Amino acid sequence: MQTAFWLALLSGFAHALWNALAKTPGRERAATLTALILSLVAALVRWATSVGGHLEPRHLPWLVTAGLGEATYVFALGMAYARGDLALTYTVSRATALVFIWPLSLAAFHTIPSWLAGGATLLVTVGIVLTRKPGKGDAHWHLGWTLLTGAAVALYHTGYKGAVGSGASPVLAFVGAISLAVPLLLLVVGREVRAQVPQLMREPRLLAAGLLCAGSFLLMLEALTTAESGRILGVRNVSVGFALLFAVVLGERLDRRQWLGMLVLFAGVAAFGLEQLY
């Protein structure tokens, strides 16, 4: 359980960093798609060098769920980043994921959160809310696409947890889901977005984003083999703090309320860590 906590924490850092790298003005939709395609390539290489792991019928419903969640996530994320800043778009989408993950986990796995998990979730949620900047004219986010991004995060977490819980290896689960998500995205993004992908795939920034994207999801899946999806998502949401720091590097401004939100957020993550220990 302690290992799962640290895997989820490292996954959160990698996730925030690949999002920051994909936040390229005017090319956000193509950049997020490119990162996912490159992460599929990296995962296929990892799968080719792994031992064991076969696709079985019991894995399929969960992989389809994860794949649909991934496709929705990347499409909505690109649309949200095209209309909003990194800090708030990332933060609000992760908050929305926390709202959806526990009902989905309860429905799919009959998981009842402990009082400590509930308190930690509350702390993380309060911290995320505090990181929102209420003023006009600076950081902003698009309501519909950002909330849909968060719902998709909860959906793919549920699918991945079901896949690894039914015996699929983490690498197989990721490859299976992304192999479904990428073709779906190529069909729906439009010709203009598809035309930008070949050029972006040759840029070092996007190559790094693709590797980090793959690493983030594979670390998360390893963590899901020994912990519940709601707890892993809660710990992984420390990525919000990292994303805020990356947003500062990108020139986005933070106020005192947002820094307070980061402190509350890390308190929530610490509470999730205590639950993993006890």
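Ser39 is in contact (heavy atoms within 4.5 Å) with Phe174, Gly210, Cys213 and Ala214, leaving aside its neighbours within four places in sequence. The model is predicted, so local features need pLDDT of at least 70 and side-chain atom pairs count only at pLDDT 80 or more, while totals for chains, interfaces and linings use all residues. Residues are numbered from 1 along each chain as its sequence is written, and side-chain values use heavy atoms, with hydrogens and water left out.

Ser39 is placed in helix α2; helices are DSSP runs (H or I, at least four residues), as strands are (E, at least two), and both are numbered from the N terminus. With a relative accessible area of 0%, Ser39 is buried. Buried means under 20% relative accessible area, exposed over 50% and partly exposed in between, with a 1.4 Å probe and protein chains only. Ser39 and Leu123 are 84 residues apart along the chain, and their C-alpha atoms are separated by 32 Å.

**Helix pairs**

Axes are lines fitted to C-alpha atoms, for helices over the stretch in contact, and angles run from 0 to 180 degrees between N-to-C directions. A crossing is left-handed if the near helix is turned anticlockwise from the far one by less than a right angle, and right-handed if clockwise.

| Helices | Axes come within | Crossing angle |
|---|---|---|
| α2 (residues 28–48) and α7 (residues 170–188) | 9 Å | roughly 145° |
| α3 (residues 60–83) and α4 (residues 86–109) | 12 Å | roughly 160° |
| α1 and α11 | 8 Å | roughly 35° |

Helices α2 and α7 cross in a left-handed way. Their contact is made by residues including Leu36, Ser39, Leu40 and Ala43 of α2 and Phe174, Val175, Ile178 and Val182 of α7.

The axes of α3 and α4 cross at roughly 160°. That makes α3 roughly antiparallel to α4; angles under 35 degrees count as roughly parallel, over 145 as roughly antiparallel, 65 to 115 as roughly perpendicular and the rest as oblique. The crossing of α3 past α4 is right-handed. Trp62, Ala80 and Tyr81 of α3 make the contact with Leu86, Thr89, Tyr90, Ala108 and Phe109 of α4.

Helix α1 also passes α11 in a right-handed crossing. On the α1 side, Leu9, Gly12, Phe13, Ala16, Leu17 and Ala20 meet Ser239, Phe242, Ala243 and Phe246 in α11.

**Aromatic rings**

A pair of aromatic rings is described by the distance of the centres and the angle of the planes. Rings of Phe, Tyr and Trp (its six-membered ring) pair if their centres lie within 6.5 Å; planes under 30 degrees apart count as stacked, over 60 as edge-to-face and the rest as tilted. The structure holds 10 aromatic pairs. One of them is edge-to-face: Phe13 and Phe242, at 5.1 Å centre to centre and with 90° between the planes. This pair links distant parts of the chain, with Phe13 in helix α1 (residues 2–22) and Phe242 in helix α11 (residues 239–249), 229 residues apart. Phe13 counts as partly exposed, at 34% relative accessibility.

One aromatic cluster is formed by Tyr73, Tyr156, Tyr160, Phe174 and Phe217. Over the face of Phe217 lies Arg236, at 5.3 Å from the ring centre; a charge sits over a ring if NZ of Lys or CZ of Arg is within 6 Å of the ring centre and within 35 degrees of the ring normal.

**Two further buried residues**

Ala163 lies in helix α6 (residues 143–165) and counts as buried, at 0% relative accessibility. Not counting residues up to four places away in sequence, Ala163 touches His59, Trp62, Leu63, Ala168 and Ala173. Ala163 and Trp62 are 101 residues apart in sequence and 5.1 Å apart in space, C-alpha to C-alpha.

Leu265 lies in helix α12 (residues 256–277) and is buried, with a relative accessible area of 0%. Residues touched by Leu265, not counting those up to four places away in sequence, are Val124, Gly127, Ile128, Asn237, Val240 and Gly241.
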